[in-house]
Structures are given as C-alpha cells and as structure tokens.
Amino acid sequence: SITVSARPLHAAAGQTGAVAVFHDITDREAAKARLRAAHDDLATQKNHLVQVLDTLDAAVVTCDTTGRIVHANRAAGIVSTTGHSTTVHSMVGVLRPQHLDGTPIECEDSHLLRALRGETVDGQEALLSMPDGSHRVVMLHARPLRDRVGTIVGAVAAAYDITALRDREAELNTFAAVAAHDLRAPLAAVAGYAEILGDDIDDNAAPPLLHDRLDRIRAGVDRMFRLINDLLTYATARDAPLHEEPVDLQTLIGDVINERTAHLRAATGRDGQPTPFPDIYIGPLPVVRADRTT
C-alpha cells in the first residue's frame with residue numbers, strides 16, 4: 001500500500017511540470033489492521049464476559065481505586081437504585097448494610113472499600129435494606145484487583161442472596177427446639193420406669209444379667225438426654241463458639257462400637273448358647289482437636 005502526494009511546478013520555479021511523493025504505508029496499514037482486529041477481539045471478549053456475568057445469580061460489582069463503580073452485572077441491579085450509582089459510597093447509602101446483630105456497617109468498612117485497602121473478604125454476612133422496603137441477607141466476598149506489578153487498580157465483589165437459606169435454617173431451628181422439647185416427656189417416662197424397675201429387681205434379688213440390661217437402659221436414657229440437650233443448644237446457638245480439645249478418635253470410635261454392639265454380646269440363640277460376635281477391626285486413628293460430643 002502506498003500514498004501519493006503531487007503538486008504542479010510553476011514556471012516561476014524555472015520549469016514547468018509536477019512533483020509527486022510516494023509513501024510506502026504497507027506496514028502502517030498492517031499495524032492498523034492488527035489494532036482493529038485486537039479491538040474487535042477485545043470487544044467480543046468483553047461482550048462474552050458481560051453475558052457470562054449476567055447469567056450468574058450472584059451480584060458482581062467492580063470499582064476503581066476512587067470507589068467509582070465500573071461494572072455491575074444483571075443480578076446487581078440494586079446498584080441502579082441510586083440513579084445508576086457511580087460510587088461505592090452512594091450504593092452503601094441506599095442499601096444501608098448492617099451486621100446481623102443490627103449494628104450498621106460503615107461505608108469505610110464495606111467489603112469493596114476493604115478490598116481496595118488490600119484486604120480479602122470471605123463469607124461476610126450482611127443485612128441489606130432494599131428500596132422496596134424489604135430486607136435481604138447476603139453473603140459477601142471481595143478481592144483487590146492488581147496489575148502485573150501488584151499495584152491495586154480496583155476491587156471486585158460478589159454478593160449471594162441467602163435470605164431463603166437463613167429463613168429455612170430458622171424454621172429448622174424452631175422445629176429442632178420443639179422436637180427436642182417434646183422428646184423429653186416420653187424419655188422422662190422411660191427413665192422413671194427404669195428407676196422403678198431397678199427398685200423391684202433389687203428387692204427380688206434378680207440375676208446379674210437383668211442388672212446389666214437395666215444399666216444399659218439407663219445409659220441409653222442418659223445419652224438420649226445429652227443428645228437432646230445438644231440439639232437444643234444447637235437450635236438456640238447456631239453460631240456458638242466451638243470448645244476445642246484433644247479427642248482420641250481411637251477411643252471415641254471404640255466407645256461407639258461397644259455401645260452399638262452391646263445387644264449382640266448379650267444375644268443368645270434358640271439353644272440358649274451365645275451367638276457368634278462379629279469381628280470388628282479399627283485401624284490406627286489420630287488424636288484431633290474438636291468439640292467433643294457427649
């Protein structure tokens with residue numbers, strides 16, 4: 001490819017004629033073509049990325065270092081409630097995020113601005129006040145965006161609506177509390193009759209085998225009471241701190257097997273002879289730190 005520029009030569013210059021200048025622009029045109037192709041490819045990739053983000057149920061928002069909103073996907077339509085919100089501050093002002101205990105989350109402590117400071121936000125739950133008057137519980141994640149040399153150039157955040165999940169958990173917790181409460185009455189009756197039966201057995205000097213079986217009934221009742229108490233505790237304090245301590249899994253599994261197979265050890269066949277007890281092998285198990293189950 002070439003370009004041509006031409007001018008006439010006037011008689012005042014000493015002769016008549018014309019002059020032409022030819023420029024080889026092959027490389028320049030090729031560079032322009034590559035630039036256009038790269039631009040089209042970038043636009044195609046951007047459009048593809050936008051479509052992918054818009055298919056997500058999670059709200060995805062990005063901002064630059066000034067806190068200006070750069071992009072928000074379809075699920076983040078809440079951003080537009082500020083009149084096409086352009087800043088994190090205006091978005092926070094509309095949604096008025098709170099911690100689950102009701103204390104407000106200040107703008108500077110919002111997940112996007114924390115990410116701009118280089119922090120990583122994972123699983124932060126917040127209560128948002130929607131423009132229609134409803135409230136939504138969301139789980140927030142945020143990361144800083146960096147260039148090739150590691151300089152922060154923005155931040156990206158994702159928000160998942162977990163309102164329905166938390167509502168179902170609340171219903172299950174209520175059910176668990178009611179069920180645990182209702183289980184206490186029949187269990188208390190079993191415990192009472194076990195005590196009466198124990199007194200009768202002692203008075204009649206019953207065989208040791210009956211004492212052993214009664215002890216197992218009492219142990220089962222005690223364990224059931226503890227399980228119910230654990231269920232009530234969980235239902236009323238889902239986020240209660242764990243009380244970690246060393247737990248020997250070898251001993252724990254051994255106790256579970258002994259408890260679950262106690263009836264097999266006492267079982268007898270039709271001929272009155274003890275039935276064969278199954279061989280149970282427990283491989284080596286470590287000591288771990290956990291909240292011990294009673």
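User: What share of the chain is buried?
Analyst: Buried residues account for 22% of the 294 residues in the chain; buried means under 20% relative accessible area, exposed over 50%, and partly exposed in between, with a 1.4 Å probe and protein chains only. This is a predicted model, in which local features need pLDDT of at least 70 and side-chain atom pairs count only at pLDDT 80 or more, while totals for chains, interfaces and linings use all residues. Residues are numbered from 1 along each chain as its sequence is written, and side-chain values use heavy atoms, with hydrogens and water left out.

User: How many helices and strands are there?
Analyst: The chain has seven helices and nine strands. These are DSSP runs numbered from the N terminus: helices are H or I with at least four residues, strands E with at least two.

User: Which residues touch the most other members of the largest nonpolar core?
Analyst: Cys-63, Ile-69, Val-88, Leu-112 and Ala-155 do, in a core of 25 residues. Elements giving two or more residues to this core include strand 3 (59–64), helix 2 (88–95), helix 3 (111–116) and strand 7 (152–161). A nonpolar core is a set of buried Ala, Val, Leu, Ile, Met, Phe, Trp, Tyr and Cys residues joined through side-chain atoms within 4.5 Å.

User: And what does Leu-112 touch?
Analyst: Not counting residues up to four places away in sequence, Leu-112 touches Val-61, Cys-63, Ile-69, Val-88, Met-91, Ala-155, Val-156 and Ala-157. Contact here means heavy atoms within 4.5 Å.

User: Changing topic: where does Asp-101 lie?
Analyst: Asp-101 is in the loop between helix 2 and helix 3. Its C-alpha atom is 9.3 Å from that of Ala-126, and the two residues are 25 apart along the chain.

User: Why does Asp-101 count as exposed?
Analyst: Asp-101 counts as exposed because its relative accessibility is 62%.

User: How confident is the predictor overall?
Analyst: The mean pLDDT of the chain is 78, and 80% of its residues reach 70 or more; pLDDT is the predictor's confidence in each residue, from 0 to 100.
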